[in-house]
Amino acid sequence: MSPSTPARRGRPRKSDAPDTHVRLLAAAASACVDHGFDGATLQEIARRAGLTATAVYNHFASREDLLYAAGVRGLEQITEAAEAGAGEGFAGIAAAYLRPEVAEARRLLAELHLASRRDQRLAHLLGEWHQTEAARAAALLGDRLGHPEATVKALFLMLLGLCHLEDLASIEADPEDLGGRISQMVEALAPTRRS
């Protein structure tokens, strides 16, 4: 800027760019994974996104709205991963949860569950997501197990346990061996349909 050019006022250039919105969602997810929903401060999220805390308000009405949006995005990511593995049945879904590129979404799902005990909006979001995914899971089971509710709930509990994979870092296990054991557990709960 030359000495004769006046300083620009208003929002910084590109502050409304779509990538800023995406960066904020990623920063919020990352902060939640590292500090939990309650510990993910607006200042920390903004710092991770390379913005000021007040710039966040150009995209979200509140910290809670941003965290909720990050939760929605995390659920979409985990759903996409599960759908990609669904062709291989429940074992494929479980294997999708173990993929390294799903680690942050997996951990965010664990944080969503914890925060939903204190936040009705998150509880409602998770409840709707669970119902939709339970219906998909029941459709995968078909009528081969009679009433599938207990099987679906047991599978969901196992998948929720997989969301805490990084919390058990002190127990080392070969990822391939772990995946094999998880597949065995899934097969025991919901045996693959044989032609």
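**Helix H8 and a few side chains**

Biologist: What does helix H8 span, first C-alpha to last?

Modeller: Helix H8 covers residues 175-189, 15 residues, and reaches 21 Å from its first C-alpha to its last, close to the 21 Å expected at 1.5 Å a residue. The expected span is 1.5 Å times one less than the number of residues. Helices are DSSP runs of H or I with at least four residues, strands are runs of E with at least two, and both are numbered from the N terminus.

Biologist: Where do the numbers come from, and which cut-offs apply?

Modeller: This is a predicted model, where local features need pLDDT of at least 70, side-chain atom pairs count only at pLDDT 80 or more, and totals for chains, interfaces and linings use all residues. Residues are numbered from 1 along each chain as its sequence is written, and side-chain values use heavy atoms, with hydrogens and water left out.

Biologist: Back to H8. Which residues are buried?

Modeller: Gly179, Ile182 and Val186 are buried in H8. Buried means under 20% relative accessible area, exposed over 50%, and partly exposed in between, with a 1.4 Å probe and protein chains only. Seen down the axis of H8, the buried residues fall within an arc of 65°, so they line one face of the helix. The arc is taken from the directions from the helix axis to the C-beta atoms.

Biologist: What do they pack against, and what is on the other side?

Modeller: The buried residues of H8 pack against helix H4 (89-98) and helix H7 (149-162), with contact meaning heavy atoms within 4.5 Å. Arg181, Gln184 and Ala188 are exposed on the other side of H8.

Biologist: New topic. Glu44: buried or exposed?

Modeller: Glu44 counts as buried, because its relative accessibility is 16%. Glu44 sits in helix H2 (residues 42-49). Leaving out residues up to four places away in sequence, Glu44 touches Ala31 and His35.

Biologist: Which side chain has a polar contact with Glu44?

Modeller: Arg48, at 2.6 Å. A polar contact is a pair of N or O atoms within 3.5 Å; within protein, one must be able to donate a hydrogen and the other to accept it, and residues adjacent in sequence count only if both atoms are side-chain atoms.

Biologist: And the chain overall, how many helices and strands?

Modeller: The protein chain has eight helices and zero strands. Of its 195 residues, 39% count as buried.
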